[in-house]
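Please open the structure in a viewer and keep the selection panel at hand.

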Amino acid sequence: MIKCIFLSEFHHTQGPIISHQIPKDYVSKEIFDAIHNFIITKSELQNRLITVSSFGHKYVGCPIYIENAKYKRNAFIFNVCFTFDEKTNTSPYGPVVKKLANYLTQLETELEFLSASENSERVPQFLKRVLNGLNHEGCCSINMAPSCTVHLKLATSIHEPIAVEDHDVPCLIVLKDAITKCQWDLTTQQILHYVDGLSHVKKIAADADVELNLVKANLQNLLYYKFIKMVPIFQYSNVYTVTRNINKLIEDTHLQKECIKFVAKSDRSPPEFRDVYLMYCAFTPGTTVKTLCTRQVNPHTLKIDERKLVQFGLMKGLLRRMQKYPMALPGQPVTARVQPLLSLLNGKHNFDQISCETGISHHELDDKIEADDSIVVCWK
Amino acid sequence: MANDLNPVAVLLVTSGTRGDRVLFRYPYMQENELHTSIQKVTNAKRTAEKNPYAVSIAEDLQDGKKSKSPGTSFIKDGVLVGFSNQTLANFLIVKSQLCGKPFSVEIDDVQFVGYPMSLSHLPRNQQNQPNASRQHNILAVNVVFVLRANLPESVITCYQELAQQLTVAIAYEEKRCEYLTKQAKIMLAAVDETSVPGADDSDMVSTMKLIVHHSSLAKELRLVYDGLMSNGQVIFYLNQWVEINFCLPHKVHELNTLGKNLSLESIYRCLSYLRPYHAILLTRPEQELFKFLPLDCSPALTRLIKLTAPVKNLKTLALETDLSITQIYQLVCHMVYWGFAMLIYPLCESNVYILSPSADTYIDSQLSQEFNRCFPGLQLTQEMARFSFPSHMYDNHDMMLYSSPRLIDRVNQVVVWMLQHRLLNQLHTYVNLVPARRKEFSSSSAFNHSNISSTHSSNSSVQVVEESYLSVLMEDPSTTTLDRTTSMSDLASVNSEESTGGQSTAQSITQCASQHSKSPSQEANSDGSITEDRKAQWRLQDTLLNELKPQLKAAIVLCPASKNPDDLRLFAKLCPYFNGKHHLEEMMFYENLSRSQLVALLDKFKEVLILCTHEDPATSLL
């Protein structure tokens, strides 16, 4: 929450002052005097985003110098500062402060919006609208001039897009209707049709007849909006292990209900919670889904869909996939069959990656590696 | 990334009667870069940080070609650039209102964290120095760390603490023996010596080298910076007098956990699970640790370090060191925070370990080379492969391979080494009390457990037992024999109240009547009537399981083992542990049980219990 927005400028006789403040008298004169050298700075720091923490508040501003002979000191120096509580994470506001400073620079150079005395009413009104807009709606669009509308929006933090692998499986985490309501581009629409929680990226690309990299880019976009989540591809030869988070399933009754609904084989007869829980706990290192289903529990009689059980577990972090890393022991001869793969057997590549890269099936790879004594396999 | 937590630079700024100065900065910058970057700042319009989702517009691309101006950064190759000393001095010396408080300013991608202190109140001994009026008096001082922006809040707080320690120590030394004034003189003399008239800022590197050479304060600041860069720990005596000790836990622990960024919270969370049955594992040899400890460290700590062993739990350590367990806790938390020790469950043969998901499996990793040095002849990859599946310290059937105790010892050492490097996680078994709903029992076999069949074979009799159990509890205790027909109505009401199974009462009543002969109660009473004995048992069951929900209670009494009062008593005692938060070892420790006793009990009640295996949150940091 922005506590206060104030406009500070360098007065030709009084020096740095707060010329407008919304709400009034939030930042006292004493505080401003103590920190004004970070707000009206030396010219080296102009156009830099400056955040000061003091007196239990954070002040985010961007000092601007407009040089022009028409001004009393040949330059107009101003800074629009946002004030926050000390604990606020101000990083989403940085770009907004900067953009606002740019808008005001434009308005000042074109219309003398800040310096002209007849605008002393309009500036606080403008700041008030910015404050209310950003605090209540997270954005604002204020028409200031025929050619200038101030658009400001708080963006959620931008992080590097998550890499999407060929063998990942996208799963919808919101209802399909909710997504299709949004207006997506044609490619996304086409892809969304094939996102069923079972097909992996490469298959979706083939089915939808869309270029693989386009599919990945689209999925990254959906990931960003948190409409989908990526899980590793489901195979009966996979090994999963239960994580500490499994306790959540016992404690959180909402999650329980959601889980039972999700993993049910048919909607009409949901499985027992105990059975679902028992099955999750049966996922231990070294047990493939296949052995689990044939020897330990019979998901069919328990009315559980094991695919969906795994998918739900991965999405909620109840299960973790254990990957297999084959490693050729250094200094030992390898058989001719694995010779072409040798560069991949350095402990950095897991079975999925090797399969995807070489096109060799898991089964075949397993055979090759098992036959060679100089290769050890780590699961982690 | 580990790199990001490192400081970019450390600065010493003073304000005196002759203006504000940056007395010392380390590492020194490359001068030629300074000028170009300043020009860039003023000339180039800074482009906003590139949004990875931004659509690249064709015109933009053309624009980019015309004016190649990437967003200027204040950090270049890990060195602070773009600020002249004068600029820095101007804004790092603050108004007196801000002195004595943590100070933090963020400018674009760098953050300045310091602790300004005013020295103007210090009494200056004018008499001793006849030319005091010409003396350069220092009025304020600030030790500032330059960090990368957007570090986690807890990291910034840590640096603020260090800056405060340093500034306060410098201020104290200034008061005691005018340390800062003397050092400032040396530094200024060095500046005068190297500076060429006309080109003032131009040769900073040689100036700073000279300063480090002459000034002990500069050496100390360099020591701080180097300590932070190498392992995140700083311990020394400022001016050989004031002790400075600091550790950046984020960094200390990251030495062990590659890749993942560790937050302070996860260390605290980990420590909140500290229990007396845990043990500590020193992360470095004892001797090395003693060298590191300050001279005046608590004797309790040295005693603890001397006596600790990975097989001793904290309770034993408390007895051996003659310290209270709370004191041991404090020492342990302290050591874990500083990265000297890590929490483990005491080593024993029954422990199950598995390869940690964060372990680096790369064949040629630094770790494997280190392993080769420690254990010549063994390969880390092979040892890691051994723990791909949950394994004990050494495989029991492989005992023949370990021909001599020396070899076994070596295997132990390997496990300890791998634990120290966080390659292994220990798995624990947790127990949850999750009863099936009752209709499960009357329906056909739902589980594939073979041993459940005993319950299934007498499905309906189970119902009988339960209902008679409930009816006895509802009944007036003075009645000696149970009249089935009179208790039917009670039974119905009890059933509808207490059971959620939704079993039709009428049906169970008929079952009662028809199947009565098959009831397990008959095993005890051949005449089919329910004796005082039986009722006493039910009452016992009721009182023992009083805390539980009726639904759970009903499910528990269905287990055959609940008829044995001893088993049931033990089960009732352990019930609070059956929530998935306490592992078997914890139960054994607190309830003084042997593993076989506990496992046998869990087996007897396996119809209502679910076992689950995962790591202990206290011993796994990630």
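**A guided tour**

Select A:Phe6 to begin: its bridge partner in β6(A) is A:Cys81. The model is predicted, so local features need pLDDT of at least 70 and side-chain atom pairs count only at pLDDT 80 or more, while totals for chains, interfaces and linings use all residues. Residues are numbered from 1 along each chain as its sequence is written, and chains are lettered from A and ligands numbered from 1 in the order in which they are written.

**Strands of chain A**

Helices (H or I, at least four residues) and strands (E, at least two) are DSSP runs, numbered from the N terminus; two strands pair if DSSP finds at least two bridges between them. Of the eight residues in β1(A), six are buried, a term for residues with 20 or more other C-beta atoms, placed from the backbone, within 10 Å of their own.

**Where the chains meet**

Now select strand β3 (residues 50-54) of chain A together with β5(B): the two run antiparallel, with four bridges between them. A:Thr51 has B:Glu106 as its bridge partner in β5(B).

Widen the view to the whole contact, which takes 51 residues from chain B and 55 residues from chain A; residues are in contact if their C-beta atoms, placed from the backbone, lie within 7 Å. On the side of chain B that touches chain A, β16(B) gives the most, with six residues.

**Two helices of chain B**

Finally, select helix α12 (residues 299-307) of chain B and helix α13 (residues 314-321) of chain B. Their axes come within 10 Å and cross at roughly 120°, the axes being lines fitted to C-alpha atoms over the stretch in contact, with angles running from 0 to 180 degrees between N-to-C directions. α12(B) is therefore oblique to α13(B), as angles under 35 degrees count as roughly parallel, over 145 as roughly antiparallel, 65 to 115 as roughly perpendicular and the rest as oblique. Show the side chains of B:Ala300, B:Arg303, B:Leu304 and B:Leu307 in α12(B), which meet B:Leu317, B:Glu320 and B:Thr321 in α13(B).

Technical notes
Contact = placed C-beta atoms within 7 Å. Buried ≥ 20, exposed ≤ 12 C-beta atoms within 10 Å, placed from the backbone.
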